[in-house]
Amino acid sequence: MCTSLLLAACASDGAQIPTGSDNPFRPDDRISQRELRLAADELYRSARARLDSGDYAGALQQYEQLRSRYPFSDFATQAQLESVFAQYRSFQPEQALAGADRFLREHPRHEAVPYMLYLRGMINFERNASFFDDSDLVDTTKRDVGSLRRAFDDFSQLIGRFPDSPYVTDARQRMIYLRNRIAQNEMHVVRYYYGRGAWLAAARRAEAVIAEYPGAPATLDAVEMLARSYAELGLSEQASEARELLAKVEPVRARRVPVTPEKSWWQKLWPFGGDDSEQAPAPEAMPEDQSVS
């Protein structure tokens, strides 16, 4: 009560209650903010040093500390960005992809968005990479290409949204490689359908390869399989058109493509035909006995 009376008396005399800046017993906000920023900067530099030295686990630990202690600072945003790279380099693709998606969602206008799109593409690009990718010992084109498709979409988004980004040149080259790999994978599906006698399905998938992956080496295989599928379907006119298209690039190869249904393997081994017209005729019937008529 005495305190209330004292405050009232001060107010009646025109005196002001000390504010935060005038209060000598309250720490200066500017100094504390500066100290906090210095501490955050020190922690960030330590984390970055670990990242540059390849100690990705240590860097991730300190980035997490940085984000928890200074959650609304630019240091926290940078830590979030560099954490994705650390996860990528420490072979944690699932965590890295989740982190990349989170960063793009939370910071859609950040200057590092082009880099994050490129990095997300690289994570998907290398997700299923193996030692045999460039080897002739194993046909790796039969493997699932889901992550390669996502990488293609990431690089395509980067080029479309940020054509002046320094990452565009590399992204475009990787898209060419991805296009070729995905087209090769699609051709395995075409050949599977053709081998099972599903010629209509084979023709449709071959048409899709030609339309969606122009310029890929596999498109020539697609044109050949398209001609063969049309031939098996009895569409000789369409088969001839597809063969003529192939002949413009590989004339020798085109001459081996039929425009009429091919014989089965057993017909090729036994070339004497399989219908009744090419079989031995039945013996002549006995002449009618006139005595019983």
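**A first walk through the model**

At 2% relative accessibility, Ser 147 counts as buried, because buried means under 20%.

The protein averages a pLDDT of 84, and 77% of the residues score at least 70. Where pLDDT is low, the predicted coordinates should not be read in detail.

Which residues does Ser 147 touch, leaving aside neighbours within four places in sequence? Ser 147 is in contact with Asn 124, Arg 127 and Asn 128.

Now please look at helix H2, residues 29-53, where Ala 40 lies. Ala 40 is buried too, with a relative accessible area of 2%. Beyond four places in sequence, Ala 40 is in contact with Leu 66, Tyr 70 and Phe 75. Ala 40 and Gln 65 are 25 residues apart in sequence, and their C-alpha atoms are 9.7 Å apart in space.

Phe 75 takes us on to helix H4, as it is one of the buried residues there. H4 is mostly covered, with 12 of its 16 residues buried; among them are Leu 81, Val 84 and Tyr 88. How far apart should the ends of H4 be? At 1.5 Å a residue, the 16 residues should span 22 Å, and the end C-alpha atoms are 23 Å apart, which agrees.

After H4 comes Phe 91, in the loop between helix H4 (74-89) and helix H5 (93-106). Is Phe 91 buried or exposed? Phe 91 is exposed, with a relative accessible area of 75%. Its phi is near 60 degrees, a positive value in a residue other than glycine. Most residues other than glycine have a negative phi.

Leu 200, Leu 233 and Leu 235 make a nonpolar patch of about 220 Å². Leu 233 sits in the loop between helix H10 (218-232) and helix H11 (236-247). With a relative accessible area of 34%, Leu 233 is partly exposed; that value can count towards a patch because the cut-off is over 30%.

Terms used
Residues numbered from 1 in each chain as written. Predicted model: local features only at pLDDT ≥ 70, side-chain atom pairs only at ≥ 80, totals over all residues. Heavy atoms only, no water. Patch = residues over 30% accessible without salt bridge, like charges linked within 9 Å, V, L, I, M, F, W, Y side chains within 5 Å. Areas by Shrake-Rupley, 256 points an atom, 1.4 Å probe, with all protein chains shown as cover. Salt bridge = Lys/Arg side-chain N within 4 Å of Asp/Glu carboxyl O. Helix = DSSP H or I, 4+ residues; strand = E, 2+ residues; numbered from the N terminus. Buried < 20%, exposed > 50% of the residue type's maximum accessible area, 1.4 Å probe, protein only. Contact = heavy atoms within 4.5 Å. pLDDT = per-residue confidence, 0-100. Expected span 1.5 Å × (residues − 1).
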